[in-house]
Amino acid sequence: MTLGHRGFGAVRNLALLTCLATPLSAEEVVIAALGDSLTHGFGLPADQGFVPQLQQWLDDKGAEITLINAGVSGDTTAGGRARVDWTLTPEVDAMIVALGGNDLLRGLDPAVSRENIDAILQLAKTRDVPVLIAGMKAPGNFGPEYKDNFDAIYPDLAKTYDALLYPDFLAAIGLREDPAKALRDNIQADGLHPNAVGVALIVEDIGPKVLELVKQATR
């Protein structure tokens, strides 16, 4: 089927009227969550991962926010660095960076992890995208020097780039206070990833920081 001149005019006018009749949400903020399996929702139903649970939490608060799940299972800080350029599309207003867990599992040099996260934050800065850094805490099995060097990455870079900081992505699960209870109640059978209950605890704790990020994005 072909449209003549009048047909094209009618379609154009209809499209214009549709746009005018559709309320635009100028206040909506788009946030990309750049991370690994903890962000992606490994081992969980599609609606129970970190991003969908955080989206629901924000919706319940009446916040006009759209979250983009930019989590890739198995990703290191190097993987996040490789992806950040095309993650920060023009519609992204802010970003959550939650990387480092797989660097820890592999015992990677903290200096390399720092360099990768620094590059991610540098690109966000050049694009005027505010960032919330969700840190990780190293276990003690690599020695105190490794732990000190790794743990310092997140607060140091948050200060350097004036980014918001959530010091430990897994803190709310309670692994440090009562490891046995946390593993039983809040962690999946693999002993690594939070279950849906654990994710809910994380979301409840990090949610206020995400709302602070939204304020920064709408200044």
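The lining of the second largest pocket divides into seven nonpolar, one polar and four charged residues. Here Ala, Val, Leu, Ile, Met, Phe, Trp, Tyr, Cys and Pro count as nonpolar, Asp, Glu, Lys and Arg as charged, and the others, Gly among them, as polar. This is a predicted model: local features need pLDDT of at least 70, side-chain atom pairs count only at pLDDT 80 or more, and totals for chains, interfaces and linings use all residues. Residues are numbered from 1 along each chain as its sequence is written, and side-chain values use heavy atoms, with hydrogens and water left out.

Stay with that pocket. Its volume is about 260 Å³. A pocket is an open set of points on a 1 Å grid over the protein atoms alone, where a 1.4 Å probe fits, with protein on both sides within 12 Å along at least five of seven lines; lining residues have an atom within 4 Å of a point. The volume is the space filled by probe spheres set on the points. Among the lining residues are Leu121, Asp128, Tyr161 and Arg219. Helix α6 (residues 110-126) gives the largest share of this lining, three residues. Helices are DSSP runs (H or I, at least four residues), numbered from the N terminus.

Now follow α6 to its neighbour. The axes of helix α4 (residues 77-87) and α6 come within 8 Å and cross at roughly 20°. That makes α4 roughly parallel to α6 (angles under 35 degrees). Axes are lines fitted to C-alpha atoms over the stretch in contact, and angles run from 0 to 180 degrees between N-to-C directions. In α4, the residues that meet α6 include Ala78, Arg81 and Val84; their partners in α6 include Glu115, Ile117 and Leu123. Contact means heavy atoms within 4.5 Å. By class, the α4 contact with α6 has six nonpolar, four polar and three charged residues.

The axes of helix α7 (residues 144-151) and helix α8 (residues 153-160) come within 5 Å and cross at roughly 25°. α7 and α8 are therefore roughly parallel to each other. Asn149, Phe150 and Asp151 of α7 touch Ile153, Tyr154 and Pro155 of α8. Four of these residues are nonpolar, one is polar and one charged.

Last, the largest pocket. Its volume is about 590 Å³. It has 24 lining residues, and the closest to its centre are Leu105, Met136, Lys137, Leu170 and Leu192. The largest share of the lining, four residues, comes from α5. By class, the lining has 13 nonpolar, six polar and five charged residues.

Terms used
Helix = DSSP H or I, 4+ residues; strand = E, 2+ residues; numbered from the N terminus. Parallel < 35°, antiparallel > 145°, perpendicular 65-115°, else oblique.
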